[in-house]
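Subject: Structure for you to look through

Dear colleague,

Please find below the structure I promised to pass on, together with its sequence. After it I have set down what I found, so that you can follow each point with the structure open beside you.

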Amino acid sequence: MSSETYDVVVIGAGPVGENVADRVVQGGLSVVIVERELVGGECSYWACMPTKALLRDAAAVRAARALPAAGKMVTGHLDPAAVFARRDSFTSDWHDDGQVEWLEQAKIALVRGHARLTGARTVAVERPEGGTVVLEARHAVVVATGSHALVPPVEGLADVRPWTNREAAEATTVPERLVVVGGGVVGSEMATAFGALGSQVTVISRTRLLPGVEEFASEHVMDALREAGAVLEVGVDATAATRDASGTVQVTLSDGRVVEADEVLVATGRRPNTGDLGLEHVGLTAGDWLSVDDGLAVLDGSGTPIEGLYAAGDVNHRVLLTHHGKYQARALGDAIATRARGERTDFGAWGRHAATADVRATTQVIFTDPEVAAVGLTAEGAEAAGLRTRVVDYDLASVAGASLQADGYRGQARMVVDDDRNVLVGFTVVGPDVADLLHAASIAVAGEVPMGRLWHAVPAYPTVSEIWLRLLEADGRDH
């Protein structure tokens, strides 16, 4: 057994761990990152990039077909092999050589293997080739191990070898019939992707699809999926599953009906990658999410920070989105370096080392067809938070830029405004190709820009961004 000492040890070389390590190095500290799978993590190989690559061709075809002349040029169906080949290019065929090269250029040391905490600032790594190396941290250990798909305890479900996001992202064939269990983001996006590739899709969801977004956005997505041929079994559960000798899966619903499929995709939530992390050596329970304070320090059972131990990204359960994990990582890496220099950290609202946007300005794009983009609070969320608000809705299709974008364009936008402060606290838009509308709203929410000042941010005509003017007009200048 050998040992090495660094200023900071990071467990997990996904986007979150990489960003923590990069900021630590930029702050003048030494760092080692530990990874048991591929450098680049879930997002690079089994989530963000490959799944959006699966969706992109279908979105481009839809956009072309919404225009009379361009639509005449688009004939036939998507070629799954070509879609999968482009997807593979984004995953580098599930090789991480390029990511490892980046670590070397960024002066981040890499140790491959399975890491376990043996104390708040010590990590034992079992190397794949055998042997153990003990990594000691002078200043901090950061847990950035992410999460994995939850397979619910439905009778027989595990035995039918269901897909999770990983199998869906790696698929090389298109099942003739695909049942998706779960109507959240992963379930809705993959229903969109495989439906476009030719699968007959059935979605089983105990609630409306995308329950975390505004209901009107959910309804737009559900309507589009139905129009595309998907069957939505909403308000029911999967209660059992079996696979027969022919390979057909029978999924029993809570109302007694049975749905048949060639493959089943489970998309019912996530669990933290902490089951074999050595949490018991720091007084925590294996398999639990890691609770953190505003500075992302891991808390013990009494709510007291564990000196020198931090957690960022999915594993702390604040916001399970890659971009917010990276946002946390940048703040945390800078804070660790600041402390190491003996300087004062700033964890006040919107401070240099705070992750305030996790609470007040969470951003998300859902790449269904139509897309959903949202930041901040929903109308229901604002009410639950005790805010006195006004809600402003507008038909996106009536904006000049949208009518140019596509014939028969359908969409809707909503502002949620804090009445007392007269600032935007939430924005949701649904429609084709709306993802890039979001950042303007994110700036308005994070910047707490007064509504009166937003009148002076003039959207170019004729673009879909003119929705901002229409929302402001609907709200009126007298607020």
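Directly after helix H8 comes Gly-198, and the phi angle of this glycine is positive, near 120°. Before going further, please keep in mind that this is a predicted model.

If neighbours within four places in sequence are left aside, Val-186 is in contact with Asn-165 and Ala-267. Between Val-186 and Val-134, which are 52 residues apart in sequence, the distance in space is 37 Å from C-alpha to C-alpha.

H8 also meets helix H3, and the axes of these two helices come within 9 Å and cross at roughly 50°. The crossing of H3 and H8 is left-handed. On the H3 side the contact is made by Thr-51, Lys-52, Leu-54, Leu-55 and Ala-58, and on the H8 side by Glu-189, Met-190, Thr-192, Ala-193 and Ala-196. Sorted by class, the residues of this contact of H3 with H8 are 6 nonpolar, 2 polar and 2 charged.

H3 has another partner to look at. The axes of H3 (residues 48–65) and H5 (residues 80–90) come within 9 Å and cross at roughly 150°, and since angles over 145 degrees count as roughly antiparallel, that is how these two helices are described. The crossing of H3 and H5 is right-handed. From H3, the contact is made by Met-49, Pro-50, Ala-53, Leu-54, Arg-56 and Asp-57, and from H5 by Val-83, Phe-84, Arg-86, Arg-87 and Phe-90. By class, this contact of H3 with H5 has 7 nonpolar and 4 charged residues, and no polar ones.

A further helix pair is H1 (residues 15–26) with H10 (residues 322–340), whose axes come within 8 Å and cross at roughly 25°. Because angles under 35 degrees count as roughly parallel, H1 is roughly parallel to H10. The crossing of H1 and H10 is right-handed. Among the residues that make the contact are Pro-15, Val-16 and Asn-19 of H1 and Thr-322, Gly-325 and Lys-326 of H10. By class, the contact of H1 with H10 has 6 nonpolar, 4 polar and 4 charged residues.

Helix H9 (residues 215–227) has 13 residues and reaches 18 Å from its first C-alpha to its last, which is close to the 18 Å expected at 1.5 Å a residue. In this helix Phe-216, Ala-217, Ser-218, Val-221, Met-222, Ala-224 and Leu-225 are buried, and what covers them includes H8 and the strands E10, E19, E20, E21 and E22. Just after H9, Gly-229 takes a positive phi of about 105°.

Some backbone details deserve a careful look. Most residues other than glycine have a negative phi, and most peptide bonds are trans. Asp-93, however, is not a glycine and has a positive phi of about 55°; this residue lies in the loop between H5 and H6 and, at 46% relative accessibility, counts as partly exposed. Asn-422, in the loop between E21 and E22, likewise has a positive phi, near 55°, but Asn-422 is buried, with a relative accessible area of 16%.

As for the peptide bonds, the one from Asp-369 to Pro-370 is cis, with omega near 10°, and Pro-370 is found in the loop between E18 and E19. Tyr-461 and Pro-462 are also joined by a cis peptide bond, with omega about -5°, and Pro-462 is found in the loop between H15 and H16.

Technical notes
Residues numbered from 1 in each chain as written. Predicted model: local features only at pLDDT ≥ 70, side-chain atom pairs only at ≥ 80, totals over all residues. Heavy atoms only, no water. Axes fitted to C-alpha atoms, helices over the stretch in contact; angles between N-to-C directions. Helix = DSSP H or I, 4+ residues; strand = E, 2+ residues; numbered from the N terminus. Parallel < 35°, antiparallel > 145°, perpendicular 65-115°, else oblique. Left-handed = near helix turned anticlockwise from the far one by under 90°. Contact = heavy atoms within 4.5 Å. Nonpolar A, V, L, I, M, F, W, Y, C, P; charged D, E, K, R; others polar. Expected span 1.5 Å × (residues − 1). Buried < 20%, exposed > 50% of the residue type's maximum accessible area, 1.4 Å probe, protein only.
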